[in-house]
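Please read the points below alongside the sequence and the model.

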Amino acid sequence: MPAIHRKLLRDLWRIKGQVLAIALVIAAAVTVFIMYLGAFDSLQLTRAAYYDRYRFADVFASLKRAPRRLEDRIREIPGVAQAELRVSADVSLDMPDMAEPAVAQFVSIPVQRRTMLNDVFIRRGRYIDPNRPNEVLVNEGFALAHGLEPGDSIAAVVNGTRRVFEIAGVALSPEFVYIIRPGNVVPDNEHHGVVWMNERELAAAFDMEGGFNDVALRLMPGVAGDDVIAALDRMLERYGGRGAITRDTQLSNWFLTNELSQLQSFGTMVPIIFLAVAAFLLNVVLGRIVTLQREQIAALKALGYSNFEVGLHYYLWALAVAVIGIAIGIGGGTWLASSMMNLYNDFFRFPILEFRISPSIIAAAVAVSLASALLGARGAVRRAVRLPPAEAMRPQTPAQYSVSLIERLGLGSWLSPPTRMIVRNLTRRPLRTLLSIVGIAFGGAMVVEGSFFIDAMNSIVATEFSVAQRQDLTVTFVEPRSAGAMYEIAGLDGVMNVEPMRAVPARLRFGHRSRQTSITGLVANPDLMRVVHAGRTAISFPPGGLVLSRQMSRIIGAAAGDTVTIEVLEGSRPTRDVTVARVVDDYLGAYVYMEIDTVNDLMRESRVVSGAVLQVDGLRTDAIYDRLKNTPSVAAVTLKEAAVEGFRATIEQNMDVIIFFNQVFSSVIAFGVIYNAARISLSERAWELASLRVLGFTKGEIAYVLLGEFALLTAVAIPTGLLLGYGLAWLTVETIGTTELYRIPLVVGDNTYARATISVLVATFVSSAVVRRRLNRLDLVGVLKARE
Amino acid sequence: MTLPSETTRVEPQAPSDRATVFEARQVTKVYPMGDVDVHALRGVDFALRESEFIVLLGPSGSGKSTLLNILGGLDVPTSGDVFYRGDALTTADESTLTRYRRNHVGFVFQFYNLIPSLTARENVALVTDIGEDPLTPEEALERVDLGDRLDHFPSQLSGGQQQRVAIARAIAKNPDVLLCDEPTGALDIQTGVVVLEAIAKVNRELGTTTAVITHNASIAEMADRVVALADGRIASIRENSTRKTPRDLSW
Ligand SMILES: Nc1ncnc2c1ncn2[C@@H]1O[C@H](COP(=O)(O)OP(=O)(O)OP(=O)(O)O)[C@@H](O)[C@H]1O
Ligand SMILES: [Mg+2]
């Protein structure tokens, strides 16, 4: 091996602690990159395979009721490959293990099993028996939440009649990967389920014999959905069609897409930040190595090594460090990606799992890491290349010190000589001092970045579930009803407060964009069901105008003052141009609100409600639940408590892992940065400190000179780091904080600041202890003899 | 500029008949140091001939190292011209100078400049790795009597031993010119003699043109010519009729 490479290896080995620390930062970046993008890739493959094998439909439509004979005409729409007509209805379930009711979407399945769209995968048990009309399949999430097994039975109030069903099997379907009720943001397996039932029986129970109220289509390859949707909508209009949608906005798939895109943005954003830190570290460390090796560089050049060879030598430093980091990162990332995949699978429950870390992800991780390492090394290499070789012949000129500002202000007499050394050393090279501070600050900033998600999520919960939604229950009626139905509920014993809601399915159009959604009508100044702007102010709904969630405003591209077209997909199906009165900065979902009387006017109906929100006496809830469960007009009861818990549980299940990893990695980085800073100042000043020891200074005194300086730097770096962390949090919120599903608020809590401060302090303390130990063992003769 | 890679090794002749290796014309070097300019060289004219052994004498700060650096292609003069075998070093670009140093010049630095993370052998290998017709590191170290210290790191060697490694490193590439900046500055008499003998041997046996800076006037006795510098100028040039061997020097 050429001697110059040997030098590289020995030099690396000599500062192996630092090398490892930087390598770990790179490893963290590579790990996160592979973990997120690998999981993203695998989940996407899994989803694609699942959709393909179980024939997830391309187009979905629901309607009030149409005769089955439409089937042939639907099939004949150009581009349609397969059509599945179904009956679907929400049914209130009476679960013995809960006082409150659960809601299940009942979906019809053929009596004889055949290849259908949105096919079911039977996890346990079997398909329904044609001869046993009461047999059903239940979705796995709901079955697990209630300990249901094939052979168990469940009770439901179907169209006003209480019925008991036998569970034949526990099933999964590509249509219900993410089971979520309209208006909710997370799945709640305890309260929400899917039940697949014999189509004959289900139709009979809902007076749908010979009819259907739901249709799913598979399109021919290469056919875009728009024309098919238009044709289908025209056909279903007179049957109360609520507007067909493509699979892109199908609820389960839409949530899944959002989840995946979140993974993808994490997988891109977080490693970029980590790699930037690694590049910064390399820059600082290599810069200082070049300074320390100034005479060696000059000697190499004098001996005939070209600028290219010298430059390459220092680039190789960076590459070697990067390669170590990449190796660790690929191992760690692959392992964590598979754990993450399993974790997601616990949540989504795919019947098949495709795990793969594609070579392109690895290649990208390697390329990006190497590039950032080279970028980090660039400054140092340039300095090494520029160094004039004649320097080799001269001993290093003593550094230029001057009396510091503090001393010039006359405060010097209070400073002991060692303290004066600290102050002068820090003020001698302000740029370097600044770099050290920024470096340590980055450590703290990373911890803020890694932890602020918790604060943001808590803030979402606090805003959306305490400030905004103050109701305890939301009741949805089977059909829109007159306001009298609401007063009936208001009269129930224990109901303290009621507010009406009127939701109508509608399509919103603005310019060439449109979105199938629903308009929620609320009272002008709600007390219970409030909508909160920017986490603080509850807004009121002006008569006549629309209020859009920030997300909805983004989706259709309309801002306050714009006029959008709404096509109501229910009742008399009016189409009307309405002005957007305001856009509200809420955190969850993409909603369209309107004042309830305006909705009633729009529908040309007198006071009609489709649901109500209630505030109830906590001691009487069981009785209220009991009544509601047995009220035929009530389709569903949603508990806010359950929604909050579901939200927290989901975050715990998904975000916690992400946050945990971010925290681990950011702590690794904080430690890496700080340890490096400490080691660099030790190696830079070993000669000076050894000289002091020779002059009679004690170990404690020289430790004070070095560590005192370090402590001072840390003291300045901590607030700087908190500020920098806030900046990173801002950057994250701005770049990846928004999906169609949620908007992460920029909230950094005191806990997070405290956590960051403690991390920096711990890292400082440990690094100082290492340095202190080295100082105690400082080989005076060796250091003084071989100046490096 | 093209530089001959193979040099003709000349049999000893009368110094004045030999070809000129270096020629310096009106060389000045100014270091701007803030408000004041430091004039390290103030117009030096000087020639160094094939296989010649010269000694540069002069008080501290008189410009000896500066001149040697310029001859070695480590530095360029502020004004004036320097020729190496007729080719101008002063107008050569960076890569030509690098090739020049790599293939023709052996340096011994005033402060050794060994790489601390490399052993004696590896420090020499640094040069033999890139040289055109080098000795082996072991051979080179043998010549300075360090055959038994091959695997010692600089920090495990005495100052004199480090200096000898530096000399081994300089001669290992079989240079055409050997430039030594106070090679014995840190050595006792006995080691100094060993080092000087190594240099003299290279000069004598291989005909390597050699320039040695020293503060020790008695070393001047081994030279063909003695160039004395003072305050950036050549104060005198003296020719020795006979060259003493290092052993015969009176220190
Ligand atoms: N890089 C530099 N920057 C500023 N001044 C320099 C530089 N190099 C040399 N000098 C100045 O040039 C003058 C000549 O320096 P040089 O090193 O050539 O002297 P020298 O004769 O080798 O001295 P010594 O015997 O002490 O080694 C000195 O005054 C020195 O301070
Ligand atoms: Mg000198």
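1. Three salt bridges are found by the rule across the interface of chain A and chain B; a salt bridge is a side-chain nitrogen of Lys or Arg within 4 Å of a carboxyl oxygen of Asp or Glu. One joins the side chains of Glu309(A) and Arg102(B), at 2.2 Å from N to O.

2. On the side of chain A that touches chain B, at least two residues each come from α1 (3-14), α8 (294-302) and α9 (307-348) of chain A. Helices here are DSSP runs (H or I, at least four residues), numbered from the N terminus. The residues of this side comprise 14 nonpolar, 4 polar and 10 charged.

3. The model is predicted: local features need pLDDT of at least 70, side-chain atom pairs count only at pLDDT 80 or more, and totals for chains, interfaces and linings use all residues. Residues are numbered from 1 along each chain as its sequence is written, chains are lettered from A in the order in which they are written, and side-chain values use heavy atoms, without hydrogens and water.

4. In total, 28 residues of chain A are in contact (heavy atoms within 4.5 Å) with 31 residues of chain B. The area buried between the two chains is about 2600 Å², with 63% given by carbon and sulfur atoms; buried area is the accessible area (1.4 Å probe) that two parts lose on being put together, summed over both.

Key: Ala, Val, Leu, Ile, Met, Phe, Trp, Tyr, Cys and Pro count as nonpolar, Asp, Glu, Lys and Arg as charged, and the others, Gly among them, as polar.
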